[in-house]
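This briefing goes through a single chain, topic by topic. Please read it beside the sequence and the coordinates.

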Amino acid sequence: MLNGIVVVCQFMHASVVDASDLFLQELSRHNYVTPTSYLELLSSYTNLMNTKKGSLTEGVGRLKTGLDKLQTTTAEVNVLQEELEVMKPLLEVAAREAEIMIAQIAADTEVAEQTKAIVEKQEEEATKKKIVTQTIAEDAQKDLDEALPALLAAEQSLKALNKNDITEVRAMKKPPIGVIYVIEAICICKGIKPLKVTVSGMIKAGQCFVGGRS
């Protein structure tokens, strides 16, 4: 190979000498070809060869690095395949457990939806009952507010009773219906059970009640 390179360089140098002579004959201009020119040719070839050699060396290095990585990756893949074979039964068990869990979650979700519907229905009914109860309470409070002045007036009238009033009622053979209603109300308030008594007995009970109030 070296001999071939020498022959090529000699041929190139001789060709330049011949071309310079032809250049002088045709254009009357000199192109000097000296031994230095030959040395520069060799130097240029050497630089080019070194550059190419460096490129080839770099390419070989990259190729070697790539092959090393391929070998390393192949070894890692083999290890992973072995581990996968070992873990395959465990993965199958985990997959079955996951399916069971998914089915359980679906069942629990259905139960939760049913429970939610029941709770919402009960909440709706409770809201309706609350509204009804609130209405009843408002009506009762309204009735109480209307009846309270009458109750207070009745209590004041009851406190104003004295023995003379009882004596006046006792003198009545047949008390007015209003008096009878008052005596009945007193018995209800005092928790006295109804008994068949005479008018004087009713008056006596009322007198005892008045005495207890005083």
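Ser20 is found in helix α1, which covers residues 2-27. The model is predicted, and in it Ser20 counts as buried because its relative accessibility is 6%, where buried means under 20%.

**Ser20 and its surroundings**

- A polar atom of the Ser20 side chain lies 2.8 Å from the backbone oxygen of Val16.
- With neighbours within four places in sequence left aside, Ser20 is in contact with Asn31 and Val33.

**The loop between α1 and α2**

- Ser28 lies in the loop between α1 and α2, and Arg29 also lies in that loop.
- Ser28 is not a glycine, yet its phi is positive, at about 55°.
- Most residues other than glycine have a negative phi.
- Ser28 counts as exposed because its relative accessibility is 59%, and the cut-off for exposed is over 50%.
- Arg29 has a relative accessible area of 54% and is therefore exposed as well.
- Apart from its neighbours within four places in sequence, Arg29 is in contact with Phe23 and Leu24.

**Helices and overall make-up**

- The chain has 5 helices and 0 strands.
- Read from the N terminus, its elements run α-α-α-α-α.
- The chain has 214 residues, and 6% of them count as buried.
- Among contacts in the chain with a separation of 6 or more, 59% are between residues 24 or more positions apart.
- Helix α4 covers residues 177-190 and has 14 residues.
- Gly191 follows α4 and has a positive phi, near 75°.

**Salt bridges**

- How many salt bridges does a search of the whole structure find? The search finds 3.
- Side chains of opposite charge can pair when their charged atoms come close.
- Arg62 and Glu58 both lie in helix α2, 4 residues apart, which is about one turn of the helix.
- Arg62 and Glu58 are both exposed.
- Another salt bridge joins the side chains of Asp68 and Lys64, at 3.4 Å from N to O.
- Asp68 and Lys64 both belong to helix α2 and are 4 residues apart, about one turn of the helix.
- Asp68 has a relative accessible area of 34% and is therefore partly exposed, whereas Lys64, at 52% relative accessibility, counts as exposed.
- Lys128 and Glu124 also meet through their side chains in a salt bridge, with 3.8 Å from N to O.
- Lys128 and Glu124 both lie in helix α2, with a spacing of 4 residues, or about one turn of the helix.
- Glu124 counts as partly exposed because its relative accessibility is 46%, which is not over the 50% needed for exposed.

**Surface and nonpolar patch**

- The accessible surface of the chain comes to about 18,200 Å².
- Carbon and sulfur atoms hold 64% of that accessible surface.
- Which residues form a nonpolar patch on the surface? Leu84, Val86, Met87, Leu90 and Leu91 do, with about 500 Å² of accessible area together.
- Val86, one of the patch residues, is found in helix α2, which covers residues 35-160.
- Val86 counts as exposed because its relative accessibility is 62%, and exposed means over 50%.

Conventions
Residues are numbered from 1 along each chain as its sequence is written. This is a predicted model: local features need pLDDT of at least 70, side-chain atom pairs count only at pLDDT 80 or more; totals for chains, interfaces and linings use all residues. Side-chain values use heavy atoms; hydrogens and water are left out. Patches are made of residues with over 30% relative accessible area and no salt bridge: like charges are joined within 9 Å, nonpolar side chains (Val, Leu, Ile, Met, Phe, Trp, Tyr) within 5 Å. Accessible areas come from the Shrake-Rupley method with a 1.4 Å probe; for residues, only the protein chains shown count as cover. A salt bridge is a side-chain nitrogen of Lys or Arg within 4 Å of a carboxyl oxygen of Asp or Glu. Helices (H or I, at least four residues) and strands (E, at least two) are DSSP runs, numbered from the N terminus. Buried means under 20% relative accessible area, exposed over 50%, partly exposed in between (1.4 Å probe, protein chains only). A polar contact is a pair of N or O atoms within 3.5 Å; within protein, one must be able to donate a hydrogen and the other to accept it, and residues adjacent in sequence count only if both atoms are side-chain atoms. Contact means heavy atoms within 4.5 Å. The expected span of a helix is 1.5 Å times one less than its number of residues.
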